[in-house]
Every structure is written in C-alpha cells, then in structure tokens.
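Open the viewer and follow along.

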Amino acid sequence: MIFLGRIRRNALKLEGEKSSALDLARGRLVLLSGFFILVYVIFAIRAFDLAVFEGRGIAAPSIEYAQSLLPAQSKKQNRRADITDRNGKLLATTLKVVSLYADPRLISNPKTASKKIASIFPDLKYGDVLQKLQGDKRFVWIKRSISPEQQYKVLEIGEPGLEFEEEFKRFYPQGELTSHILGYGDVDSNGLAGVERGFNNYLNDGQPLKLTVDVRLQHALRRETLRAMKEFEAPAAAAAIMDVTNGEVLAGVSLPDFNPHNPLIDEDAIFNRLTLGAYEMGSVFKIFSTAAFFERHDVPMSTKFDASEPIKIGRFTINDYHAKNREMTIPEVFMYSSNIGTARMAQAIGTEGLRDFYTKLGLLDPMEFEIREVAKPQVPHPWREINTLTASYGHGVSTTPLQLISGVSSIVNGGYKVSPTLVLDENATNRPNYKSESNRIISAQTAQNMRQLMRLVVSGGTASKAEVKGYRVGGKTGTAEKIVNGRYDNKKKISSFIGVFPMDAPRYAIFIMVDEPKGQKHTWGYATGGWVAAPAVARVVASMAGILGIPPVNENAPENHFGDTLKQFVAAKD
Amino acid sequence: MKLIKPRTFIIFALVCISGAILLRTSQNVQDAEDRLSILQASVEREQEQIRMLRAEWEGLNNPARLEKLANEFLDLVPPSPDQMAAGEVLLPRMVSQEELHADESQIHDEQGFAPAVQNISYIAPIPKAKPQILKPSDKDIGDIINEVSSESAGAQ
C-alpha cells in the first residue's frame, strides 16, 4: 500500500509541474524501479515455490521416485514377445534386467565404494571391485543383471560414478526341454535358430506366439528318448509326436540338446537332428512302399512274394535281416520286415511309381516348415532300378525325421496329406478341413490296409515291445545301416520306431530314432529298432495316456482285435 | 491526468490475482505430473515384477523339476495304463428295486431273516488289492510296461 501511495504522490507532483524534462526523467525512474521491484517479487515467489512445493519429492525419496528419474532407455526398444505352448505355458519371455557399471574417473572414494558394493553383492570380492574402480577406463561393468533391491542399495551409496543400464534379456523357463524347437538368439535379441529365427521380426514387433507343442508331452518324449539313448550308449537321438489329423507337432526332441541361455558351447548339441538331419531311415519306409503297392495293385493280402533267396542286381545283394527263406504273404513281408519281399513289391510298382509316390508324400523335397533349418533330402542321381529296390526299404534315400512322421501321419489318418506345423491356429475354423478330397493321396482302402498291417507289426511282429495293453499301438521298426566312408557299416546303425495309436482310429504318431545304439547284455547284443526304439515308444504312449487322460479299452472290446483278421495270412511259427 | 486511474488499479489487481491463480494451478499440474510419473514407474515396476514372478513360477513348475521332486518326496507315481478303468464296465450298474429285492430273498438264511449287512457286491465292483507302491527310483512306468509286454516276448 505504501508503494502505491508513493506512486500517487509522485503523480500529483507531476501534474503540478507540467512539461518539465526533469519530471519526465523522474517518472521514468519510478517506472523502472517499479519494474525491478516486480521482478524481485516474482523471484521471491518462485524461490518459495521451489523450496516448499517442488522440494517435497526430494525430501522423501522413494524407490519409485528414484526409478522415475532413471533414464527411460528401455522404452525406446520394443520388448520381444513371449512364446507359449498350446496350453499357455511359458516357453520364452523377455525380462528387464538392470546392470551396474562404473565410470572410475567419477568415483570420489574408491575404497568406501568398493566396501559397500562388496557388502551388497556377496559374490563380488572387495579387492576385485577396488581394482576396477581404481582403473583409468571410462566404463567398467561391475555386475550384470542385478535385482531392484540391490539397485536401490547401490543408489543409497550416493556415489556419482556408479551408474545403471537397463537391458532386455531373453529367458527360457523350461530350460533345455524345448531348446531345438525354440532355438536361440544373440544378445541383441535377434533369433539365430528355431522359432526365434523363423519369427524374428514378428516377435520383435511384440506379437506373442503360441506353439502346438505341449510341454508335458515334450517332457515325456524327451525323458524316454534320453533313456533309450543312455541305455544303448548312443551319441544322439531324435523324436517327435504328431497329431495325425492336422500335422501339429505336439513334441519334438533332438538330443543332445543345449541350454538356450548359453547355446554356443557345443556345436554338436545345437544341430537340430529333427529337421536338419537327413537320414536313411531303413524299414520304416516299407510303410510307404507297401502303401504305394496297394495303390497300384488291387490284390488280396494273401498275395505271395518269393523271399526264398536274396535278390542280386549287379554287385548288389538284397538280404533279409529276419530271413525266412520262403514265399511270404503281404502281412508276413511287412511284419517280419522282409527286404526281399518289399523289393519285389517295388519291382511291381516301378521306378516312376515309387518315386512319384514318395514325392507326393513330401519325402524327397525340402519341407515347408516354420523352422527354417531344414535339410534337403538326398535322392539318388540318376535313379536306377536298383535305387528303386533299395528305396523301398529305406536305403539310398535320406529324409528328415519330421518328414517321415508327417508321411506316416498322412497314410494312417485315412489318406489325407498333412504337413508338419508348429504354430497353433487357435481359430480352428480357419483351418481347412484335412478331410477334403483335394488332400487325398491314398485311397481309404489302402489306408485301412496299412493300419491293419501296422497293428500286426506290434501284435505279432518285430515290435512286440511297443505294445501297451488297451491302446492298440501299431507301427513299424526301422534299422538302417549308416554309411561310413562310402560303405554301409553293419556295426553302425540308426534304429527307429514309428508308432501310431489307437490304430483303429489313429490320432497320435510317435517317432523315436536313436543314432548308433550299441547292443546291450539285456538285449542279447541287439540294437535294432524293435529293441531300442519300440519300448521307448511304448513308455511314451503310457505316459501320454496318463497326461491326456486317454482311457484304455477293455481286453474283450472289439477295438482290441483290430487287424487280427490278417493273422490268417501269417504262417504258424517257423 | 492521474497516473493511475481506478480502472488501472483494478486491472493491476486482477493481474495479480490471476497470476496467483496461475501459479497455483501450475503448481497443481506439476504435482499431478510428479504423482503420475511416480505411479507410472510403479505400475511398470509391478508389471515387470509380475513378468519376473511368472517366469520364475513356470521355471519352478517345469515338468522335469516337478517329476524329480515328486520322486524324491512323494509316494506317488504317474498312473500306469493298468490303473485306468477301461470304459464304463467298471462303473457300478444301476439296479431296479425288484432286482434288489429279488436278490435279497435269495440271500435270506434258513430262518428267513435277511442278513444284517447286505451283500451288495453285485452292484459295486469288488475292491481290488491296493496297487503295490513302487519306488520310483528303481521302477517306473517303463519297467511296468516291459513286464507286461515281456509276456509276448520280444521277437526281432
């Protein structure tokens, strides 16, 4: 008020002495000083504001407040999306981790700081930290991936030279269980293999992915495959479970596998045998050649093939492993796995027929799959007649385990072609009905014949160890000799079994392949598919029954006698 | 001419008042922004924590670990196919009243008295012996299956 009064007094004076230059100057002076006073008042108010209002946050710092001050570096980067299994179980996720680094030049008191850091992180030694903090570098990592509590404690030290960096880290809760399917990535979260690679951009855009895999089945399959591998001292194995109605891969295992958090330790372990390994599969191919035979020739099961002596073509001789040295009916050829009998069928099919059929099943071309690491199957060039004969029992052509299981699925599901798939299509109406005639590759009758034959292999043939009471398992064993230095080595084998159940209305196909198993005492030195892989498949079927709650059928149920009609074509034990 | 007219004074006063109100408003906004950033940081932190806990939960619940722990601490084994009922054959059958009474009359003793405890074995399955508890470490489903299938001895 005093201030205003003075202005008024001055104003009165100015009114009295008009047009005086001095007065004009005084008036200006007053205005100027008034302006300065105003500025000082604003300063005072602002100072009050700063001290009283804005200071509140600083007066009581909380961990939230401290974090809101941290550079929001991670917000710029998109978080890589999660991958889950078909039931929503987490397979891969991205977590934010904070890492502690130091700028030693800004450290005011290295000794105290080192002591305090060592007390926060029990695994760090005082001496090591001190050495780092005394260095001359501008940047040195103290500890990667620290917890929020540890971060708060470090903030409490109040050392300006200690700083944090936030980064994203890929984490795989299931460990090595799904390692070959998921693959792995580099530190900048770029996928380098498996689904991580196949869907790299999609995941980086923050789009979550749901796979067809079921971790429970995956575990059961891995456990039993690993057990078979150890039991027979094999260096490697591969296995898969497929839904035969739509090609969904329910489980896929390649052993040895790796820790996805630290993948590059073992070159052998990161090799995906399921998709990237092409193998001569042996007798499991008889499923395909026999189906091709039924497609071309409408003959009864009682049709006989002469397997009384080996077939000789040029320098090749085709022998039987379980030689019977007589004429055999089709069921006998299949259940005793006669190479000679199957080669005779191949002669009846012809080179073109067999090759076309294999191609139609997708066995001879690189497969279309969500994982990009797929092998190119090896096909003989040129394809001569002898190649047709050997290809009928799975030698001379190599394909990947996943293509094999897809081919078998396409045959047992009634003859509709399915392709392997790994990403779950939750909107089932989007999926074209697999039972459409455009997908048909073999007739329903041939499919039925093959199912009966495959059931016979388990109920009375080379794979009796795959039987699980009440579940009508069917399948085919395969024991292929590996090529070592350009020659077949009968000591080194690939033993496999493809099992399907329930055979009267197939739903699941299980394939287990063991690389170079060694015969054991309790198997009387045998290391064939029937001894190595068939029991493992039986154990997987038993586990699946429990996990998926599939009830067995009663002993006398009609389903249990599926395929028994073929037994009339099998001669009594000879 | 007066230097300050009443109108000027009023305007000056209004400027001061509106200045004060502006200051207060800006103060409130500042406050709200602080609170917001703190809340956002804490929401983000909670979300991060949830992610971390979920990952940990899934890690702790992975089938291999659960199986190992179950083998170590529980007397339970996974169900084997033998332990599963095959269809509805094992379920108790519904019986009509007449059937029940007809049967009762048959089991009367010589004096014509019904027994104190009714024999109902025909409507409920006969309880079987408790399945032998298998130590998972030395026997698992695989072995059981092997035993079962060894009856049909391995050809090859």
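**Entry 1: a phenylalanine.** I started at A:Phe357 and listed its contacts: leaving aside neighbours within four places in sequence, A:Phe357 is in contact with A:Phe288 and A:Ala292. I kept in mind that this is a predicted model. A:Phe357 is found in helix H15 of chain A, residues 351-360. Is A:Phe357 buried or exposed? I counted 21 other C-beta atoms within 10 Å of A:Phe357; the cut-off for buried is 20 or more, so A:Phe357 is buried. I also looked at A:Ile442, which is 85 residues from A:Phe357 in sequence, yet the C-alpha to C-alpha distance is 9.4 Å.

**Entry 2: the cores.** Next I looked up the nonpolar cores. The largest has 124 residues, and A:Ala509, A:Ile512, A:Val537 and A:Val541 have the most contacts inside it. Helix H19 of chain A (residues 529-548) gives the most to this core, namely twelve residues. I then found a second, separate core of ten residues, with A:Ala102, A:Leu133, A:Ile142 and A:Val154 among them. As a general reminder to myself, nonpolar side chains tend to be buried together in soluble globular proteins.

What does A:Ala509 touch, not counting residues up to four places away in sequence? My list holds A:Met242, A:Val244, A:Ile405, A:Val408, A:Ser409, A:Val412, A:Ile498 and A:Val500.

**Entry 3: the five-stranded sheet.** I traced an open sheet of five strands in chain A, in the order E7-E6-E14-E13-E12, with antiparallel pairing. Its edge strands are E7 (249-255) and E12 (474-484) of chain A, each pairing on one side only. From one strand to the next, the twist averages 10°.

I then zoomed in on strands E13 (residues 487-501) and E14 (residues 508-515) of chain A, which pair in the antiparallel sense over eight bridges. Here A:Phe497 stands opposite A:Ile512 in E14(A). Which elements does helix H11 of chain A touch as it packs on the sheet? Helix H11 (residues 215-231) touches strand E6 (236-243), E7 and E14 of chain A, and its direction makes about 30° with that of E7(A). Helix H18 of chain A (residues 444-460) packs on the sheet too, touching E12 and E13 of chain A; its direction makes about 75° with that of E12(A).

**Entry 4: around strand E2.** I looked up the pairings of E2(A) in turn. With strand E1 of chain A (residues 83-84), E2(A) pairs in the antiparallel sense over two bridges, and A:Leu90 in E2(A) is the bridge partner of A:Thr84. E1(A) and E2(A) form a hairpin with five residues between them, and A:Gly88 in the turn has a positive phi of about 85°. Strand E4 of chain A (residues 162-171) runs antiparallel to E2(A) and is joined to it by ten bridges; there A:Ala102 stands opposite A:Leu162. Four bridges join E2(A) to E3(A), again antiparallel, with A:Leu100 opposite A:Lys143.

**Entry 5: a helix with two sides.** My last stop was helix H6 of chain A (residues 126-134), whose buried residues are A:Val129, A:Lys132 and A:Leu133. Why are they on the same side of H6(A)? They cover an arc of only 95° around the axis, which puts them there. The face of H6(A) turned away from its buried side carries the exposed residues A:Gly127 and A:Gln134. What covers the buried residues of H6(A) includes strand E2 (90-102), helix H5 (110-120) and strand E3 (140-146) of chain A.

Methods: Residues are numbered from 1 along each chain as its sequence is written. Chains are lettered from A and ligands numbered from 1 in the order in which they are written. This is a predicted model: local features need pLDDT of at least 70, side-chain atom pairs count only at pLDDT 80 or more; totals for chains, interfaces and linings use all residues. A nonpolar core is a set of buried Ala, Val, Leu, Ile, Met, Phe, Trp, Tyr and Cys residues joined through C-beta atoms within 7 Å. A residue is buried if 20 or more other C-beta atoms lie within 10 Å of its own, exposed if 12 or fewer, and partly exposed in between; C-beta atoms are placed from the backbone. Two residues are in contact if their C-beta atoms, placed from the backbone, lie within 7 Å. The arc is that of the directions from the helix axis to the C-beta atoms. Two strands pair if DSSP finds at least two bridges between them. Axes are lines fitted to C-alpha atoms, for helices over the stretch in contact, and angles run from 0 to 180 degrees between N-to-C directions.
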